[in-house]
Amino acid sequence: EEEFKWLLQEEVHAVLRQLQDILKEASHRFVLPTSGSGAAVRQENFVLSTSGTDQVKGVLTLQGDALCQADVNLKMPRNNQLLHFAFREDKQWKLQQIQDARNHVNQAIYLLMNRDANYQFKTGLEVLKLMDSVMLQLSRARNRLTTPATLTLPEIASSGLTKMFTPALPPDILVNFYINLNKLCLTVYQLHVLQPSTTKNFKPAGGSILHNPGAMFEFGNQRYEVSHVHKVECVVPWLNDALVFFTVSLQLCQQLKDKISVFSSYWNYRPY
């Protein structure tokens, strides 16, 4: 009984402080402040590359959760024509995955700070519920980075992203940016128009993170087929840091839950 009281009054708060420290570090990674208070979020440049192809090359500029610049070169396979397109100067593309992950981290911190050092936990169940709530936010934060959204090709075609480039993207090019784990990815789809007289059976593709050549869709009264797909990516080191912090925090939560559960099962089954 004395051990359990010590666990509730001392060790639980020690773990909560440790979790707060780790998650504040994770949160700082997302904000990326420059030196000095009130300064703007710094910009970072990343070179896009992939093994085995030089069809697409580019440089992306990331500022917190926003792509503020994108400069992309695309070599067209059919005629080796080189296309260049970049973001318009007045445009930024918000990466919703980063924004959501940061919000979930901050929600986890808020839950922990609500139980300050003076708070007295009375039961193990109370601690378990808090850990479950924190772990839910951390799992959601991690999942936003590890599981990109599935989109249909018409959704990609109608996305605001297509209107951000100068010169404007040709009608037979689609692009999509997303986060996958610690990487910022760009997918470029080259399309060809399916003529009304085509003998191909038209089967519209459903939602996917990455569509393969041969995928078909209808957009603006025109039918298209994906002819080539190019995926290039770059590692964002601070996203990797954040994922490590999430993993460590989830392990700490689980360890505390396990300790509480051992004591709780002892109380429930001890002989009288």
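These are my notebook entries on what I looked up in this predicted model.

**Ground rules.** I am working from a predicted model, in which local features need pLDDT of at least 70 and side-chain atom pairs count only at pLDDT 80 or more, while totals for chains, interfaces and linings use all residues. I number residues from 1 along each chain as its sequence is written, and side-chain values use heavy atoms, with hydrogens and water left out.

**Entry 1: aromatic pairs.** I looked up the ring pairs and found seven aromatic pairs in the structure; rings of Phe, Tyr and Trp (its six-membered ring) pair if their centres lie within 6.5 Å, and planes under 30 degrees apart count as stacked, over 60 as edge-to-face and the rest as tilted. One of them is the stacked pair of F30 and F246, with 6.4 Å centre to centre and 15° between the planes. This pair links distant parts of the chain, since F30 lies in helix α1 (residues 2–31) and F246 in helix α5 (residues 237–269), 216 residues apart. Helices (H or I, at least four residues) and strands (E, at least two) are DSSP runs, numbered from the N terminus. I noted that F30 counts as buried because its relative accessibility is 1%, and that F246 is buried with a relative accessible area of 0%; buried means under 20% relative accessible area, exposed over 50%, and partly exposed in between (1.4 Å probe, protein chains only).

Another pair, F85 with F165, is edge-to-face, at 5.2 Å centre to centre and 90° between the planes. It too links distant parts of the chain, with F85 in strand β4 (residues 82–87) and F165 in strand β6 (residues 165–166), 80 residues apart. Both F85 and F165 are buried, and ring pairs join F85, F87, F165 and F177 into a cluster.

**Entry 2: charges over rings.** I then checked for a charge over a ring, which requires NZ of Lys or CZ of Arg within 6 Å of the ring centre and within 35 degrees of the ring normal. R115 lies over the face of Y119, 5.1 Å from the ring centre, and the charged end of R223 sits over the ring of F202, 4.0 Å from its centre.

**Entry 3: nonpolar cores.** Which residues touch the most other members of the largest nonpolar core? Among its 67 residues they are F30, M131, V175, F177, L186, F246 and I260; a nonpolar core is a set of buried Ala, Val, Leu, Ile, Met, Phe, Trp, Tyr and Cys residues joined through side-chain atoms within 4.5 Å. Leaving aside neighbours within four places in sequence, M131 is in contact (heavy atoms within 4.5 Å) with L16, L19, L112, C253, L256 and K257. A second, separate core has 10 residues, including L153, I156, Y189 and F217.

**Entry 4: L161.** I found L161 in the loop between α4 (153–157) and β6, and it counts as buried because its relative accessibility is 0%. Leaving aside neighbours within four places in sequence, L161 is in contact with F87, W93, V175, N176 and F177. From C-alpha to C-alpha, L161 and R142 are 24 Å apart in space, although 19 residues apart in sequence.

**Entry 5: the four-stranded sheet.** I traced an open sheet of four strands in the order β7-β8-β10-β9, with antiparallel pairing, where two strands pair if DSSP finds at least two bridges between them. Its edge strands, β7 (173–180) and β9 (216–219), each pair on one side only. Strands β8 (residues 183–193) and β10 (residues 222–235) pair in the antiparallel sense over 11 bridges, and V188 has H230 in β10 as its bridge partner.

Entry 6: I read strand β2 (residues 56–63) as mostly covered, with six of its eight residues buried. Strand β1 (residues 44–48) runs antiparallel to β2 and is joined to it by five bridges; among the partners in β2, L60 is the one for F46 and L62 the one for E44. I saw that β1 has a covered face of E44, F46 and L48, and an uncovered one of N45 and V47. On to strand β3 (residues 66–75), which runs antiparallel to β2 and is joined to it by eight bridges; here K57 has N73 in β3 as its bridge partner. The hairpin of β2 and β3 has two residues between the strands, and G64 in it takes a positive phi near 65°.
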